[in-house]
Each structure stands twice: as C-alpha cells, then as structure tokens.
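Hello,

Here is the structure for you to look over. My notes on the ligand and the pocket follow it.

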Amino acid sequence: MGQMTKSMPDRWDEFARVDAHRYICTGVGPDDSRKFWASGEQTIETELLPLVHEFRLEVGVALEIGCGVGRLLLPLARHFATAVGVDVSGEMILRARRNSADLGIRNIEWILASEPNAVLQQRSGLAGKVDLLYSLLVFQHIEQADLIDSYMGTIAELLAGSGVAYLHFDTRDRTALYRFRNRLPDGLLPWFWKRSIRRIRREPREIERLMRRRGLEVIRELAPGTAEHRYLLRKNPHAAREADQKP
Ligand SMILES: C[S@@+](CC[C@H](N)C(=O)[O-])C[C@H]1O[C@@H](n2cnc3c(N)ncnc32)[C@H](O)[C@@H]1O
C-alpha cells in the first residue's frame with residue numbers, strides 16, 4: 001500500500017527545474033510571477049481563513065500536502081504558530097525554502113516525503129496535532145487509488161480532534177473522450193495532458209469510501225462534480241465504534 005510509481009518524484013523535480021510556476025498553476029504565464037503569488041494570497045483569504053474563523057480552529061499547526069514552492073503555505077504561515085509543508089519533490093521544497101527565506105518567514109517546517117507514511121515517520125510529534133490540513137492541486141495528479149487511500153490514513157492520524165482537512169479532487173465525469181485521451185502516448189499529447197501533470201478524474205463514491213474507511217467524515221462539499229471539487233473533513237469521533245459494529 002502507498003507505494004508511488006518510481007518516476008513521480010523525478011517528474012515533479014523536473015517540472016520544478018523547467019518552470020515551477022507554470023506546472024503548478026497551468027494557467028499562469030512564464031513571466032507572470034505576480035499573478036502566481038497573488039492567486040495563492042487570494043485562496044488563503046477566500047477559502048482557508050474563512051474556515052479558521054467559522055470552525056474557530058486553533059491556530060497551532062497548519063499542514064499542506066503537496067506544498068510546491070509555497071504559493072499557499074507562505075501566506076498562510078503568518079496566521080499559524082507553525083506551518084508544515086510536505087512534498088514528494090526535493091526541488092520544489094528547495095525553491096519553497098528559498099522563497100520563505102527571502103520573505104524572512106521562520107515558522108515553516110519542511111518534510112520531503114516519498115510516501116504518505118514518511119510524514120509521521122519523520123515527525124511523529126505531529127500525530128493528532130494538526131488544526132488545518134489542506135491539499136489543493138495535488139490529488140488530481142495522483143493516478144493510484146492506493147496512494148490516495150494511504151494519504152487518507154495519514155490525514156486521519158495527523159488531524160487534531162477539533163481540526164479540519166480541506167482536500168481538492170477533480171470529480172468531472174470520465175467521458176469517452178477523457179478515457180480515449182488517457183490511452184494515448186505522451187508524445188501525441190500537449191504538455192498539460194501528459195502523464196504526471198494531467199488531471200485524473202475520480203468517482204466521488206470511490207474517494208468518499210476511502211475517507212470513511214480511514215475514519216474521516218465529510219462535513220461539507222464545494223463544487224461537486226467539477227474540476228474544483230473540495231471536501232471538508234474531520235475525524236469521525238464514532239469511527240472506531242462503527243468499524244467494530246461492522247460484521
Ligand atoms: C500542481 S502542484 C501544487 C502546489 C501547491 N499545492 C499549490 O497549490 O501551489 C503539485 C505539487 O504536489 C506535489 N506532489 C505530487 N504528488 C505528490 C505526492 N504523492 N505527495 C506529496 N506531494 C506530491 C508536487 O511535487 C507539486 O509540488
């Protein structure tokens with residue numbers, strides 16, 4: 001469980017070297033760094049901070065899975081005592097570290113994780129301590145369902161009892177055109193449809209089954225059935241009892 005294809009960290013390292021901003025936000029032009037960082041600020045202001053206020057979250061630890069170069073984590077870090085950036089790519093983390101040093105941000109810890117279990121193996125002290133855990137533009141690139149499953153387990157272990165997780169998936173219909181396109185070799189496809197950077201559409205039922213079986217409860221959904229489907233989750237306090245009662 002939880003094994004990644006060997007090439008995934010290498011592919012993201014390569015994307016970071018070629019043009020990190022373009023591969024992170026495919027709509028951002030190569031020279032438009034201001035737009036890249038402004039998009040992160042905007043997501044923090046309009047999506048994540050409202051959750052902090054609405055759910056009266058503690059502002060101890062925020063953790064991002066797939067933090068890239070820090071587009072979201074850097075602006076969020078000033079609202080939390082500690083921010084933690086997890087990524088599979090050392091090249092992304094290297095750039096994120098540089099960006100945070102340039103801004104004088106000192107409360108971010110970085111975890112280079114080649115697989116989900118590595119997060120708690122490296123920082124066991126984070127178990128049950130994360131107040132806000134989020135991941136945007138990441139799970140849509142992961143092909144293997146077992147890797148998503150393993151991440152759900154890690155998320156359940158990381159979350160504080162009062163914490164929430166905010167996760168993005170692409171749940172558009174897998175149309176015949178989508179399935180046909182995915183069978184073509186990379187050489188015939190434009191860069192944004194090639195393997196690793198293409199968006200993987202998932203069945204909501206499949207995702208929600210994985211969440212439930214890891215003891216996570218969906219408390220809200222935004223834009224279901226679209227490329228911007230967001231799930232808001234918390235630990236289900238009855239999960240252990242429900243699992244016990246199952247035949
Ligand atoms: C499109 S970028 C998004 C970065 C950031 N979330 C943002 O919105 O600016 C995807 C990031 O996820 C990372 N990533 C891809 N697969 C991952 C995995 N299985 N575990 C952790 N990070 C992963 C990539 O290295 C890359 O930095």
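A polar backbone atom of Leu136 lies 2.9 Å from a nitrogen atom of the ligand. Keep in mind that this is a predicted model.

With Asp87, a polar side-chain atom is 2.6 Å from a ligand oxygen. On its own the ligand would expose 600 Å², and 100% of that is buried by the protein.

The shell around the ligand has 21 residues, and Glu64, Gly66, Arg71, Asp87 and Leu136 are the closest. By class, the shell consists of 14 nonpolar, four polar and three charged residues. Helix 1, which covers residues 7-24, is the largest contributor to this shell, with four residues. As for the space the ligand takes, that is the largest cavity.

The largest pocket is a separate entry in my notes. Its volume is about 370 Å³. It is lined by 22 residues, of which Thr26, Leu137, Gln140, Arg199 and Glu228 are the closest to the pocket centre. The lining divides into nine charged, eight nonpolar and five polar residues. Helix 1 and helix 2 (33-54) supply at least two lining residues each.

Regards

Methods
Residues are numbered from 1 along each chain as its sequence is written. This is a predicted model: local features need pLDDT of at least 70, side-chain atom pairs count only at pLDDT 80 or more; totals for chains, interfaces and linings use all residues. Side-chain values use heavy atoms; hydrogens and water are left out. A residue is near a molecule or strand if one of its heavy atoms lies within 4 Å of it. A polar contact is a pair of N or O atoms within 3.5 Å; within protein, one must be able to donate a hydrogen and the other to accept it, and residues adjacent in sequence count only if both atoms are side-chain atoms. Accessible areas come from the Shrake-Rupley method with a 1.4 Å probe; for residues, only the protein chains shown count as cover. On a 1 Å grid over the protein atoms alone, a cavity is a set of points where a 1.4 Å probe fits but cannot get out, and a pocket is an open set with protein on both sides within 12 Å along at least five of seven lines; lining residues have an atom within 4 Å of a point. A molecule sits in a cavity or pocket if more than half of its atoms lie within 2 Å of its grid points. Ala, Val, Leu, Ile, Met, Phe, Trp, Tyr, Cys and Pro count as nonpolar, Asp, Glu, Lys and Arg as charged, and the others, Gly among them, as polar. Grid points are joined across faces, edges and corners, and a volume is the space filled by probe spheres set on the points.
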